[in-house]
Amino acid sequence: MVSRGKREDARRSFDRALELRPDMIEARVARGLRMAREVAQRTVRGGWSLGAEGSDLPEPLIELRDATLDDLTALGEQEAVLSLIDRLKVNAEIAHMRGRLQEADELWTQVLRRDEVNADAKIA
C-alpha cells in the first residue's frame with residue numbers, strides 16, 4: 001500500500017505538472033484516478049458510502065471526492081486523446097464517485113475484457 005506521504009508527493013507532482021501545463025490531460029486523469037483510489041480506500045475504512053447517500057461523509061472526504069470528480073469530468077473534447085482503456089477507467093471512477101456502483105462494475109469489467117492484467121480494474 002502506498003504511504004500517505006507518497007500519495008501526497010504524487011499529488012503535488014501532478015499539481016505542479018498542471019500548473020506548468022494546465023492542458024496536460026494525462027496528468028489530470030492520472031491525478032483524478034489516484035485521488036479516486038484514495039477516496040475509495042478512505043470511504044471503505046470509515047464505513048461510509050459514496051454518491052447520493054454520501055451525505056454522511058466527513059467534509060475533507062467530500063472535498064476530495066468533489067476534486068476527483070472535477071478532474072475526471074473536466075476532459076470535454078480532450079477525452080479523444082485518451083486510450084479506450086483510460087476513457088473506460090475515467091467513466092468507471094465517475095460512476096463510482098456518484099454512487100452508481102453497478103455501472104462502475106460494468107465499466108471495470110469492460111476494462112478487464114480489453115486488458116486482463118489491468119491493475120486498476122483488478123483493484124476496483
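## A glutamate tucked inside

Let's start with E38, which you'll find in helix α2. Is E38 buried or exposed? Its relative accessibility is 8%, and since buried means under 20%, E38 counts as buried. Keep in mind that you're looking at a predicted model.

So who sits around this residue? Leaving out residues up to four places away in sequence, E38 touches R7, R11 and L64.

## The overall build

Now zoom out to the whole chain. Its secondary structure is simple to list: six helices and zero strands. Reading from the N terminus, the order is α-α-α-α-α-α.

How does the chain compare with a compact globule? For 124 residues, such a globule would have a radius of gyration near 14 Å, and the chain agrees because its own value is 14 Å. Along the principal axes, the C-alpha trace spans about 35 × 35 × 30 Å.

Contacts tell you something about how the chain folds back on itself. Take the contacts between residues at least 6 apart in sequence: 48% of them join residues at least 24 apart.

In soluble globular proteins, nonpolar side chains tend to be buried together. Here, the largest nonpolar core has 18 residues, and the ones with the most contacts inside it are V29, V39, L75, L82, V90 and M97. Which elements give two or more residues to this core? They are α2 (25-46), α3 (59-73) and α4 (84-97). Helix α2 gives the most, with six residues.

Setting aside its neighbours within four places in sequence, V90 is in contact with V29, L33, L72, L75 and L82. There's also another core lying apart from the largest one. This other core has seven residues, including L88, A92, L107 and W108.

How much of the chain is buried? Buried residues make up 38% of the 124 residues.

Definitions and conventions: Residues are numbered from 1 along each chain as its sequence is written. This is a predicted model: local features need pLDDT of at least 70, side-chain atom pairs count only at pLDDT 80 or more; totals for chains, interfaces and linings use all residues. Side-chain values use heavy atoms; hydrogens and water are left out. Helices (H or I, at least four residues) and strands (E, at least two) are DSSP runs, numbered from the N terminus. The radius of gyration is taken over C-alpha atoms; the globule rule is 2.2 Å times the number of residues to the power 0.38. Buried means under 20% relative accessible area, exposed over 50%, partly exposed in between (1.4 Å probe, protein chains only). Contact means heavy atoms within 4.5 Å. A nonpolar core is a set of buried Ala, Val, Leu, Ile, Met, Phe, Trp, Tyr and Cys residues joined through side-chain atoms within 4.5 Å.
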